[in-house]
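Here is a short report on one protein model. Keep the structure in view as you read.

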Amino acid sequence: MLELLKAVLFGIVEGITEWLPVSSTGHMIILDEFIKLNCTPEFLDMFLVVIQLGAIMAVVILFWNKIFPFQFRDKSKPMVEMDKILLWLKIVVACIPAAIVGLLFDDVFEALFYHAIPVALALIVFGVAFIVVERVNKTKQAKVKELDDITFQTAFMIGIFQLIAAVFPGTSRSGATIVGALLIGVSRNVAAEFTFFLAIPVMFGASLLKLVKFGLSFTTLEVGVLIIGMLVSFLVSIFVIQFLMDYIKKHDFQVFGWYRIALGAVVIALGACKVITV
């Protein structure tokens with residue numbers, strides 16, 4: 001029962017931090033310092049990735065009308081909306097850099113950078129980047145104000161920023177892509193939406209990769225922990241995504257930048273305490 005309650009807490013943290021540009025990895029590191037799941041390291045590694053499937057289903061449901069290209073107004077003849085097909089092609093283009101590098105070097109990057117100090121530095125660096133980019137962009141007019149205005153070139157450039165997050169845990173996938181999109185003239189609203197859509201293939205792909213590596217030999221408790229974590233992350237994500245889309249209509253992302261800097265300092269402090277204790 002205690003492990004299931006821990007899964008609820010992990011699901012809440014995942015649902016909140018996956019969509020806000022504050023790094024779910026950084027938060028999971030802190031959470032794992034205080035609340036340890038009674039499981040094997042292999043299961044924990046898989047769980048922290050596959051739990052994201054719950055969060056991604058929230059995007060699919062909330063934005064179904066914007067991303068599903070087939071309409072069934074006439075049952076005998078489904079309509080295909082080409083603008084949505086084009087959107088998915090742009091999403092695929094944006095995913096190419098991270099997909100190639102992730103498949104080839106995922107284990108290498110995880111071994112090198114999935115530690116407290118690299119994560120903390122990524123939190124702080126991109127926290128500063130949010131503050132600087134927002135202040136520089138304060139007087140600038142966004143060039144891309146609608147999803148349809150995103151070109152294949154723009155999508156690929158956003159994908160390069162997503163690659164940074166794939167290499168350096170703590171950067172925050174949503175944080176990296178939003179900062180990148182703002183830098184190249186995409187409005188906050190469109191940057192956030194495109195980031196959400198990018199997460200669909202990225203998270204499904206990453207989860208599938210982890211499941212294949214882990215295998216399908218789950219204990220009953222592991223199945224329960226995984227399902228509850230995913231379900232809670234789904235429910236929390238529904239509210240967090242709606243909150244973020246309302247928030248950015250009137251506010252910029254600077255507050256998240258300051259929060260990331262503070263969180264990075266906390267991660268460094270935790271890492272230092274661990275070293276001292278050892």
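## Ground rules

Helices (H or I, at least four residues) and strands (E, at least two) are DSSP runs, numbered from the N terminus. This is a predicted model, where local features need pLDDT of at least 70, side-chain atom pairs count only at pLDDT 80 or more, and totals for chains, interfaces and linings use all residues. Residues are numbered from 1 along each chain as its sequence is written, and side-chain values use heavy atoms, with hydrogens and water left out.

## Two serines with positive phi

Most residues other than glycine have a negative phi. Ser23 has a positive one, near 80°. Ser23 sits in the loop between helix H1 (2-17) and helix H2 (24-34). Its relative accessible area is 1%, so Ser23 is buried (under 20%; exposed is over 50%, partly exposed in between; 1.4 Å probe, protein chains only).

Ser172 also has a positive phi, near 85°. Ser172 belongs to the loop between helix H8 (152-167) and helix H9 (173-183). At 8% relative accessibility, Ser172 is buried.

## Salt bridges

Side chains of opposite charge can pair when their charged atoms come close. The whole structure holds six salt bridges, each a side-chain nitrogen of Lys or Arg within 4 Å of a carboxyl oxygen of Asp or Glu. One joins Glu3 and Lys6 at 3.1 Å, N to O. Both residues lie in helix H1, three residues apart, which is about one turn of the helix. Glu3 is buried at 11%, and Lys6 is buried at 15%.

Lys210 and Asp45 form another bridge, at 3.0 Å. Lys210 is in helix H10 (residues 188-214) and Asp45 in helix H3 (residues 41-50), so this pair ties together parts 165 residues apart in sequence. Lys210 is buried at 10%, whereas Asp45 is partly exposed at 31%. Glu134 and Arg188 also meet in a salt bridge, at 2.9 Å. Glu134 lies in helix H7 (residues 116-137) and Arg188 in helix H10, so the pair links parts 54 residues apart in sequence. Glu134 is buried at 2%; Arg188 is partly exposed at 27%.

## A helix with a bend

Helix H11 (residues 220-247) has 28 residues. From first C-alpha to last, H11 reaches 40 Å, close to the expected 40 Å (1.5 Å times one less than its number of residues). H11 bends by about 25° at Ser237. That bend is the angle between axes fitted to the seven residues ending there and the seven starting there.
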